[in-house]
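Work through the exercises below with the sequence and the model in view, and try each task before reading its solution.

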Amino acid sequence: MPEIKVTPLGAGQDVGRSCILVSIGGKNIMLDCGMHMGFNDDRRFPDFSYITQQGRLTEFLDCVIISHFHLDHCGALPYMSEMVGYDGPIYMTHPTKAICPILLEDFRKITVDKKGETNFFTSQMIKDCMKKVVPLNLHQTVQVDDELEIKAYYAGHVLGAAMVQIKVGSESVVYTGDYNMTPDRHLGAAWIDKCRPDILISESTYATTIRDSKRCRERDFLKKVHETVERGGKVLIPVFALGRAQELCILLETFWERMNMKAPIYFSTGLTEKANHYYKLFITWTNQKIRKTFVQRNMFEFKHIKAFDRSYADNPGPMVVFATPGMLHAGQSLQIFKKWAGNEKNMIIMPGYCVQGTIGHKILNGQKKLEMENRQTLEVKLQVEYMSFSAHADAKGIMQLIRMAEPRNMLLVHGEAKKMEFLKDKIEQEFTINCFMPANGETTTVITNPSVPVDISLNLLKREMALGGPLPDPKKPRTMHGTLIMKDNSLRLVSPEQALKELGLNEHQLRFTCRVQYRKTEFTIFIVFSSSYLVKAWLVLKGYTIQHLPDGTVMVESIVIKVSSSAEEPNTKVLLLSWSYQDEDLGSFLSTLLKKGLPSGLSSM
Amino acid sequence: MAAHLKKRVYEEFSKVVQLPQEEAPAKKLRLTKPSKSAALHIDLCKASNPTDALQYLLHFARSSVEAESVEGVVRILLEHYYKEQDNSVRLKIASLIGLLSKTQNFNPESILDDTLNTFNTEKSHQVLAQLLDTLLVIGTQLPESLIVRHRLIEVAYKHLSDTYFGVRNKCLQLLGCLGNVDTPLNKDGQGLVPAVIGDAQSLISDYFADQDPRVRTAAIKAMLQLHERGLKIQQTIYDQACQLLCDDYEQVRSAAVQMVWVLSQLYPESIVPIPSSNEQVRLVDDSFGKISHMVSDGSWVVRVQAAKTLGNMLQVSPHFLEQTLDKKLMSDLRRKRTAHERAKELYASGEFSSGRKWADDAPKEKVDTSAVNLIASGACGAFVHGLEDEMYEVRIAAVDALSALAQSSASFAEKCLDFLVDMFNDEIEEVRLQSIHVLRQISTNITLREDQLDTVLAVLEDSSRDIREALHELLCFTNVSTKECIQLALLELLKNLTKYPTDRNSVWKCLKFLGCRHPTLVLPLVPELLSTHPYFHTPEPDMDDPAYIAVLVLVFNAAQSCPTMTALFSDHTFRHYTYLRDSLSHLVPPLRAPGVSGIEGSGSVESAQLFLQQSLSRISTIHNLQDPGAQDLLNFTIRDLQRLGELQTELAGAADFSATYLRCQLLLTKALQEKLWTMAVPLCLKHNAMATAAAKQMLEETYKLEFLYSGLENRQVATIHHVRLQAKALQLVLTARTRRGLFVVELPHLQESFVGKLLDLSPKLSACKPGELVKILQTTLRQSGFLNLQLPKQVQRASATIIEPTGESDNPLRFTSGLVVALDIDATLEHVQDPHNTVKVQVLYPDGQSHVIQPKPGDFRSPGPHRHRLITQVYLSHSAWTEACQIEVRLLLAYSSSRLCKAVWSDSSTEGLQPAEGATEGTIPFGKPVKVFIMPKPARR
């Protein structure tokens with residue numbers, strides 16, 4: 001039986017270092033190639049030795065697909081392609097291709113330059129890696145090779161995020177990457193058509209959460225920021241350089257404009273400017289509002305938001321600072337946090353998900369004292385707020401996507417095991433489909449029932465159409481006669497005559513004959529006649545054509561019925577019955593009717 | 001000899017009259033038509049290949065064909081049809097036949113047989129589809145003929161089983177448009193109709209399961225068409241329709257939503273079972289649930305359709321309705337309260353939302369995992385989804401639906417409040433505006449809580465004027481619950497006022513209503529608002545401060561129904577009251593208070609009405625205007641009426657109308673005074689000038705009477721026309737008197753209907769020569785009595801007020817000469833019919849130059865019944881001036897010349913602008929002009 005195998009190398013019952021291997025129809029595909037934020041050792045990259053112990057990966061993988069530019073989805077890409085070795089195609093959307101190298105470079109700088117790690121990928125490796133990238137457009141079907149094709153759908157989440165449909169023959173898998181079913185200030189909602197994949201691999205970050213409407217969230221966020229700023233406090237918003245940051249920028253920018261606020265808003269790192277540039281460029285990937293108004297004013301050209309300098313952190317007075325990275329695990333956001341943590345007037349707003357082990361995760365759980373490097377402790381006095389701005393689909397959104405795509409099987413990744421369990425139950429209950437949640441390295445096998453395409457000759461089809469009923473009923477299967485020819489790796493259904501012709505065979509007819517003897521009495525003659533009338537009436541009713549030939553035989557379709565009296569026994573009448581193989585059903589029915597049906601018919605009379 | 005002359009004059013007249021009626025060119029065109037079909041024939045014969053033939057046909061399609069020759073053309077076309085091998089040409093012919101059958105005054109029945117015959121030979125599916133389309137065109141034009149319909153349906157039925165989707169599509173369309181709607185009729189024509197055709201409904205419903213989505217859509221649409229034509233659709237197809245809601249194709253789903261809705265309206269009360277349980281629900285509830293489900297469909301077209309449809313399902317039970325706003329929040333499997341619920345609780349506990357406490361939205365109770373229903377079943381949260389949709393079209397549809405449902409259910413209105421208030425923060429202005437409008441519509445049912453009001457008021461800072469004004473309008477109708485709310489609202493409105501001073505009028509009006517509605521809530525605030533102090537005298541506030549006026553408007557309006565409030569006023573407040581009562585009488589109500597002198601004696605509308613009637617009836621006693629005292633009476637009455645109009649705004653229209661009418665009469669009387677007419681012409685030049693001016697003014701006044709007032713009946717219009725006739729007669733007579741020599745030459749130009757008719761009617765006159773005629777006219781005119789005026793019930797005078805520019809600014813608008821400067825104009829128009837076409841802006845420069853600008857239709861907004869608002873920009877430009885000077889901007893009301901007998905008058909006066917006396921021909925200035933300082937500077941080199 002054909003089967004699809006899915007093995008998560010990362011993100012199986014876990015968040016971070018997304019990397020999922022899929023083998024479908026003899027093709028091997030790697031979906032995402034991310035790194036883990038929580039680890040600084042070997043565990044931060046997926047374990048590629050699962051694929052092969054030595055040598056390059058090229059011969060084992062047909063293609064690599066990157067869903068979006070977040071590092072937990074693309075962070076390990078240069079490592080895999082350049083250090084482990086992979087030369088095949090890497091697919092990603094245009095915005096992802098543009099922004100991904102910026103983030104990778106930033107990541108490399110932090111790891112190598114700041115932490116002084118060696119044996120890490122270099123800038124050149126990132127460049128080489130990006131040369132292998134093939135860009136994707138939305139809804140464009142790309143043929144990787146003759147059989148394997150992929151197609152990208154809009155996923156919301158961040159600029160350029162895509163869901164990918166992988167298709168080999170009639171088997172297909174959809175991988176969602178990260179997606180968002182509710183539109184926000186700068187991106188639209190994820191959308192997919194009713195593609196009915198065999199497996200839908202979905203993220204499940206918020207498997208057990210149903211979120212409030214975004215409007216309430218936005219209002220809460222603005223209110224909190226506004227109040228703190230009016231009080232003279234400083235607001236720190238740790239973000240990832242791209243994605244949420246832009247949404248919050250737009251939100252604050254419009255709010256500042258509307259309320260005529262004066263407090264400065266800063267955005268840390270020069271990286272952002274470069275990235276904002278791409279946001280301005282890829283307007284087609286944003287939401288309706290931005291797409292429609294960019295002619296008058298591009299929403300990403302901020303008026304109130306300025307670049308941040310490290311010295312500003314000590315400035316007096318209120319300010320709002322967006323700083324990277326989003327989970328407070330390193331970099332500028334951590335530095336600013338250290339400076340501001342002691343003052344209760346200040347506030348930190350965590351707008352997204354924090355992986356276990358990061359400082360963000362700790363303070364969100366209410367930890368008041370933090371152990372820093374060098375055995376220092378940091379007291380957390382500032383207010384900690386959590387605003388769920390993270391653009392992942394919540395439980396309802398996931399269900400909505402399942403309803404849109406109508407998959408046959410479901411597979412959950414990118415979430416915590418405990419939460420997945422809940423969602424898994426729900427999915428199985430609501431949709432009555434199988435749901436899997438493999439751990440890292442665990443393989444899920446799904447047996448598919450692919451339809452086998454067969455070429456049918458047009459003549460045969462037309463003939464069959466003409467034979468039965470006005471129109472074929474699409475809901476019901478219909479039987480037809482034909483010959484299946486399997487030749488040269490292709491299947492064809494042709495009419496028997498054509499098949500014979502092609503194979504150079506003669507046609508043989510198969511006929512069944514049988515004799516039914518009656519004693520010639522008045523009575524039997526009566527029976528024969530009356531029964532033949534009965535039979536005739538029944539046949540006419542069923543719509544069979546009946547012909548009377550001049551020599552006294554009766555033809556029902558191809559069945560010949562002949563009454564003859566034998567010379568030896570004049571008292572008996574013999575009924576000869578002959579039918580062809582094609583009319584087997586009718587023939588055998590008639591013979592039983594004539595043999596056995598008569599006495600019962602007699603008794604009923 | 002004299003008789004001969006008279007005859008010649010008469011002949012001259014009649015000749016002149018006939019001239020404009022001649023329309024020779026039209027006939028010429030007609031003559032060419034019959035040859036056209038022949039030309040087509042030749043063309044088609046010449047065509048050697050299908051491409052050429054197609055070209056000829058395309059060319060032919062562009063020209064129009066007369067009704068008489070259609071049949072011939074169709075025959076030629078059909079002749080070629082049978083000869084033609086190429087499908088595309090046949091298809092074009094078929095479509096041409098359809099087009100031709102639409103020709104006016106042509107009865108398509110005559111070509112029906114020929115068209116039907118083509119079906120026998122046609123093999124191409126595309127052509128068949130086109131032929132069916134042609135039949136549809138023919139059929140829709142002959143809706144009465146039963147036989148035709150039956151024949152067409154027969155054809156449709158025969159081709160329903162075609163393999164090509166287009167043919168099936170068209171057949172279904174045909175069935176939908178022509179299928180039998182009423183069964184009894186079917187019995188009459190039974191001989192003609194096979195039984196099958198009678199039941200178009202079941203036939204169509206068979207195609208709900210067709211393999212082609214386009215055919216499925218067509219089937220549903222055909223069914224809807226049948227419904228529109230009055231057929232009662234059977235309930236049996238409900239299940240089928242519901243299944244179609246899950247179709248793979250959006251157009252099918254969209255149509256199915258409509259179908260389900262139609263059924264829910266037809267059988268709202270019938271009971272349907274819920275699958276997989278024993279329960280049963282009403283059909284309308286069931287379909288409501290199903291359509292709600294479609295609000296989260298994958299295609300936005302379907303979502304819009306579904307959201308719109310929800311608004312039309314008013315019979316749904318409240319239980320289901322409230323589910324549409326339901327959302328159960330969950331965080332890590334713990335039940336979480338929504339922000340709305342939290343806000344409500346905080347309000348209930350009397351604590352203002354701090355929003356600062358860590359985890360004040362932390363999930364509390366643990367959720368029973370089996371009870372959480374993730375997939376929204378039924379109506380659950382339909383509007384929550386709809387209002388958060390990606391496409392603003394869906395959001396607007398959802399807001400509209402909310403409005404419709406909330407208007408029918410007060411409890412639902414209460415519930416949807418939070419959601420609507422949330423929509424005020426939408427990113428698209430249209431949505432914000434729409435939700436503000438909706439909230440206004442339902443605001444009679446609801447009371448805003450403080451936190452809700454807070455969100456509402458935050459929008460006052462919006463930079464869009466439309467939004468702010470909509471919000472003011474909303475606040476006019478809002479009920480609030482506490483005095484803090486009033487204070488908050490006042491504070492925000494004052495903030496708004498300082499930020500956007502142009503909103504002054506709107507803010508004041510808003511506060512007026514706010515005060516009227518909540519007198520008891522304002523009462524405790526009064527000392528604070530007026531900053532009075534029990535012991536100390538506080539400084540008297542500046543009377544010109546708009547903010548102070550705003551506060552006073554609020555307080556005075558509240559005091560109107562709260563008598564104790566006046567006791568809290570200080571002396572200067574009373575003084576300010578009398579001042580404001582006079583200057584802003586529309587905002588400040590009359591107060592009964594000890595400090596206020598009792599000048600508020602103006603009686604009720606009824607008494608004013610009575611007075612108006614009495615004045616008019618007094619006038620009607622005048623029989624001859626030459627009577628002594630008649631003129632005095634007129635003078636006094638006019639004065640009375642004018643004053644009445646000022647006092648009673650409700651009757652201003654009627655009073656003004658009557659006064660203007662009477663003034664016309666007065667003018668006429670004065671112009672016809674006996675002694676002057678007996679004088680020799682050269683002696684009374686002065687008088688002539690006076691009479692000419694009077695005639696001219698009368699004419700102007702009649703145009704004003706006719707077009708400036710709305711609500712006139714035919715009778716009044718006739719009266720006005722009568723006056724105009726008199727005025728013109730007067731002009732004629734005057735011209736005749738002053739310029740004898742020119743008269744004969746001029747007479748044809750003065751050939752108004754008046755003289756012509758006079759001649760027609762009175763045979764005696766027809767024999768007169770011009771001089772006599774004038775004399776007769778003169779005496780008739782002088783003898784004409786006073787025509788009494790009947791007032792219609794409602795007369796409203798169109799009026800316009802330019803709010804901006806105010807004309808107060810001393811700073812000239814500077815711009816470089818030769819370039820343009822845009823001047824913002826903001827005006828309110830009342831009782832103007834069809835302002836898009838009639839209202840124009842005129843700019844008068846000091847040098848007499850003038851421009852008339854037609855505003856764009858988009859510049860007009862309609863904030864209320866009979867009220868329009870014009871917000872536009874006019875572009876000014878001029879050559880350089882040495883110093884700043886004022887230009888005049890005014891509004892003009894153009895009257896359509898079609899309603900006038902313009903024949904002669906428009907000849908003599910130049911079309912367009914005559915700024916001399918300020919009156920432009922064809923337009924009436926209305927509203928006060930505003931002066932604007934401008935200063936075009938010479939361009940710097």
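UniProt positions are given here in the numbering used for this structure, and such annotations may be inferred rather than shown by experiment. With that in mind, note that the model is a predicted one, and that an unreviewed UniProt entry lists residues 16–233 of chain A as "domain: Metallo-beta-lactamase". The end C-alpha atoms of that span lie 34 Å apart, and the span is 28% helix and 22% strand.

**Exercise 1.** Determine which parts of chain A are tied together by the salt bridge between A:Asp87 and A:Lys132, and state whether each residue is buried or partly exposed.

*Solution.* Begin with the pair itself, whose side chains meet at 3.4 Å, N to O. Next, locate the residues: A:Asp87 lies in the loop between α2 and β5 of chain A, and A:Lys132 in the loop between α4 and β6, so the pair ties together parts that are 45 residues apart in sequence. Then turn to accessibility, where A:Asp87 counts as partly exposed at 42%, whereas A:Lys132, at 18%, counts as buried, because buried means under 20% relative accessible area.

**Exercise 2.** Find the order of the strands in the open sheet of chain B that has four strands, and explain which of them stand at its edges.

*Solution.* Reading across the sheet gives the order β9-β11-β15-β14, with antiparallel pairing. Since β9 and β14 of chain B each have a single partner strand, one side of each is left without a neighbour in the sheet, and these two stand at the edges. From one strand to the next, the twist averages 30°. Finally, consider β11 and β15 of chain B, which are joined by 10 bridges; B:Ala827 has B:Leu870 in β15(B) as its bridge partner.

Key. Residues are numbered from 1 along each chain as its sequence is written. Chains are lettered from A and ligands numbered from 1 in the order in which they are written. This is a predicted model: local features need pLDDT of at least 70, side-chain atom pairs count only at pLDDT 80 or more; totals for chains, interfaces and linings use all residues. Side-chain values use heavy atoms; hydrogens and water are left out. Two strands pair if DSSP finds at least two bridges between them. Axes are lines fitted to C-alpha atoms, for helices over the stretch in contact, and angles run from 0 to 180 degrees between N-to-C directions. A salt bridge is a side-chain nitrogen of Lys or Arg within 4 Å of a carboxyl oxygen of Asp or Glu. Buried means under 20% relative accessible area, exposed over 50%, partly exposed in between (1.4 Å probe, protein chains only).
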